[in-house]
Amino acid sequence: MPTTSPRLDRMALRAQFPALAQEVGGHPLVYLDNAATSQKPQSVLDALAAYYEDDNANVHRGIHELSRRATTAFEGARVKLAKFIGAPDSAELVWTRGTTEAINLVASSWGMDTLGDGDEILLSSLEHHSNIVPWQLVASRTGARLRYIEMDEQGRLILDYLPELLTDRTRLVAVSHISNALGTVNPIREIADQAKQVGALVLVDGAQAVPHRRVDVQELGCDFYAFSGHKMCGPTGSGGLWARRSLLESMPPYQGGGEMIRMVERDTSTWAEIPHKFEAGTPNIAGAIALGAAADFLDEVGFNAIAEHERELLSYALERLDDMGGINVYGPTDLDERSGVISFTMGDAHPHDISTILDSRGIAIRAGHHCAQLVMQHFGISATARASFYLYNSTDDVDHLIEGLASVKEIFGPA
Ligand code: PLP
């Protein structure tokens, strides 16, 4: 059995995640549903508790000690997260509830303001519904048209057709950095370079990338980058949208309310500076502060170690699944083109049955269409089982998964 990366002390790491220490149904928990959400380290839980125990106050408005502390921690986290994704200016990072809200913000604000009849939005058939449905909503209200970059039999985007898909009507290319359904890693820089040639903006859904690799929004050459805190060891309801300053400044507010205004008159108002213009109402203060702690945690472990560890797990798991036989794994065969997500089917066993049998052994995976029904349609299936890794998983976890799948095989017979 291969050992995991020496640079990543998995046992010490794992011990920092209280939820991983529990048993489920009398079995030690094997958590392999990380593409849905990650577990949280103690430092993140402590940051959440510390805000509520010591500094609980609303931000920006209060002229008292607790409000000053809360504001300093809240804005400090923004600076931290901006740096974490390579943003040149922390004012370019808008806090959101996560990737979904970040994309909806762009669709509602930039999309509704800018798009018109016959304009084109280029998506891909690999997308999570969060990067499809907001654009459908905008298209139906503006007359814009949706077009798609298709994928090949391994779930890789076919970029050969990109020059034809990009026209002088293309206003936006919106693609995922990494697919949650297949693990495909998309060549964002290449896509962005081509999009720029027709003057289109580029939005990247980074939900599955920011937790697993060093993201630099400037190197990617994109205009908008969306991500979720809960998939990167942070709290649910936290996340962000990065966009270039000039774009954010040109966009109308997304929601109205407190915090986002400069001056309110009876009939009109003027707006606060970015990023506050897009942050109406009391924000998720504790969430943002704890997301800052999650970024510190990941920085401390280091993305080189995380990426190397996940690749080893992926390689080991694919090898064991292949040895087992009867398992159909979807997604790219080249490990350089995929992340630690394994989507698979097993003969006649429905993915929900696979997941239920594994759950009875304390193993958490996901089964379903993974909010990516276009991916399922592409492969002519309705669902897959999906195991997804993170920094605290081990080859032992993979072994448990394989043993669990062997028992699925016993029940359903060979494929
Ligand atoms: N995009 C991708 C690729 C995802 O995997 C997910 C969540 O699974 C989302 C978007 C939506 O993220 P959230 O629910 O955190 O807004």
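In this predicted model, 32 residues of domain 1 touch 33 residues of domain 2, contact meaning heavy atoms within 4.5 Å. Domain 1 comprises 10–31 + 302–412 and domain 2 spans 45–299, with bounds taken from an automatic or database domain assignment. The C-alpha centres of domain 1 and domain 2 are 28 Å apart. Residues are numbered from 1 along each chain as its sequence is written. Local features need pLDDT of at least 70, side-chain atom pairs count only at pLDDT 80 or more, and totals for chains, interfaces and linings use all residues, while side-chain values use heavy atoms, with hydrogens and water left out.

Polar contacts, here pairs of N or O atoms within 3.5 Å, can be followed residue by residue. An N or O atom in the side chain of Ser228 lies 2.7 Å from a ligand oxygen, and the side chain of His230 likewise places an N or O atom 2.7 Å from an oxygen of the ligand. Thr99 contributes a backbone N or O atom, 3.4 Å from a ligand oxygen. Taken alone, the ligand exposes 390 Å², of which the protein buries 85% (accessible areas by the Shrake-Rupley method with a 1.4 Å probe).

Conventions:
Polar contact = N/O pair within 3.5 Å; in protein donor to acceptor, adjacent residues only side chain to side chain.
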